Amino acid sequence: MRTIVLWCPDWPVFAAIREHGLDDGAAVVLTDGGAVFACSATARRDGVTRGLKLREAQLRSPALTVLPYDAALDARAFEPVVRLIEEAVPGVQLVRPGTIAMRARGPVRYYGGEESAARALLETAATADVPHARVGVSDGPFAAEQAARSTRDAVIGIVPPEASAAFLAPLPVRLVVDPRTATLLNRLGVRTLGEFAALPVADVRRRFGAAGAFAHDLAAGREATRVDPRTPPPDFAVEQEFEPPLDRVDQLAFAFRVRADEFIDRMRATRLVCTAIRVDLDDERGGHSSREWLHPRWFTAADVIDRIRWQLQGASSAEAGLASPIVRVRVVPERVDSTGNHEDGLWGGGPDERVHHGLTRVQSMLGHEAVATPAVVGGRLLADRQVLVPWGDPAPAPAAAPWPGSLPTLAPASVFRERPPVTLVDDAGASVSIDARGNLPAPPVKFSAAALNGRPRPIRAWAGPWPIVERWWDAERARRVHRFQIVDADGCAWLLVHDDDGWQAEARYD
């Protein structure tokens, strides 16, 4: 089946550049897991490639702008492009953000040929401000995408019917298999798709299984995959433009109230509720502000207005005015769910519902960060692991780092945000300290703390010290402390730290 594929080179980078307002010619990389996921053409000219470690990439391109890869942004930025193309050519399949496929029969009949259909598709993409788009036409989606990627000076690559195998033959075998299998095939002398397709089908299936047989069919131009057109999802997004632009928060919130009601009514009509929205603000000077807002239950029209007001207040230069008048406000649902999953029980929501309404009301009156809930994040010292999260926002996930030097479970019950000073003394009554090698010159026998009115207490048992060294490469933020555990005569356990200021109590095991 003849297939047309539209490919947008470096789409993740382009979406990130547009979102953050960067220069199109800047050297930009998107990172995922400490490695380069995608890079701009300027960065590639400096020698940056995908899979490169971040430090190596920064060494090759000192002026590099590093951004984290955001799959949600990638898909969100491409959705308007897909919708615009669907208006011109129905039956579009989204392969991935930046790549779409469609059956060639309908567009070819309408525009009078494959090249004419490809040029019409490029013109449609140009109206969506998509740079450097490429189009490929072949007997299947895989071959058509490779035809689009193989174009150099031209922007259209057309493979004649029944010629997919010959076109794919010189391409590298890594295009159809995973890296491990590609390495094995290269060691066996199979480096191109043509050499891989020449292997007997039975031998490939016996050695590499069903996945290898599928890759063998792709290499030979025998594509069983067909275009699966998507059903366009309903568009719940609402927006409003202001002429003249508005520069007061109360005016903007009041002007958008009708749109907020329309936003919620659209979702209720399809028995959906929204649990996360994204608010986009465009000002008169060309500035753009985008933020995702979450809700502990689901959004109402009043909740949408509150989020817009809070975001506007965050952009304000004064209490009542904005840094620049706003010309457009857009609200897009980020997460939706069925209303059946959020219905109250037979006897109502009970105390949880009353608590929710009370906190939401206080937050609406005082602001987004006025009501917060505690959460635990990654870190070494206990005070660093305590954060306050605004009501409705998700708690940040603990960092996946191993955190060497952190305290194992179970954690102390009482953590002192302002650590009280503590004194440790030995048998001779001298103060105990820690030398440069992290050792105690004499075992402690008594300790006194400000929390105990300074009364010395005998020490029944002790353990440590354990050093913690953080940011040794940064002179201003470097920190070196030692942890120490003791048990006093009453059986109460303490967690102490020793730094340049002496001994302090970090926590108590109640």
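Is Cys-39 buried or exposed, and what is its relative accessible area?

Mentor: Bear in mind that this is a predicted model. Cys-39 is buried, with a relative accessible area of 6%, and because buried means under 20% relative accessible area, Cys-39 falls on that side of the cut-off. A pair of cysteine sulfur atoms counts as a disulfide within 2.5 Å, and by this rule the count comes to 0 disulfides. Cys-39, accordingly, takes part in no disulfide, the nearest cysteine sulfur being that of Cys-8, which lies 17 Å away.

Another cysteine, Cys-274, also counts as buried, at 2% relative accessibility, and its number places it in strand β10, which spans residues 272-283 and is mostly covered, with 10 of its 12 residues buried. This strand pairs with β11 (residues 288-294) in the antiparallel sense over 7 bridges, and Ile-277 stands opposite Trp-293 in β11. The two strands, β10 and β11, form a hairpin with 4 residues between them, and in the turn Gly-286 has a positive phi of about 90°.

For a helical counterpart, turn to α6 (residues 114-127), whose 14 residues reach 20 Å from the first C-alpha to the last, close to the 20 Å expected at 1.5 Å a residue. Its buried residues include Ala-117, Leu-121, Leu-122 and Thr-124, and among the elements that cover the buried residues of α6 are β1 (3-7), α4 (71-88) and β7 (134-138). After α6 comes Asp-129, with a positive phi near 60°.

Key: Residues numbered from 1 in each chain as written. Predicted model: local features only at pLDDT ≥ 70, side-chain atom pairs only at ≥ 80, totals over all residues. Heavy atoms only, no water. Buried < 20%, exposed > 50% of the residue type's maximum accessible area, 1.4 Å probe, protein only. Pairing = 2+ DSSP bridges. Expected span 1.5 Å × (residues − 1). Contact = heavy atoms within 4.5 Å.
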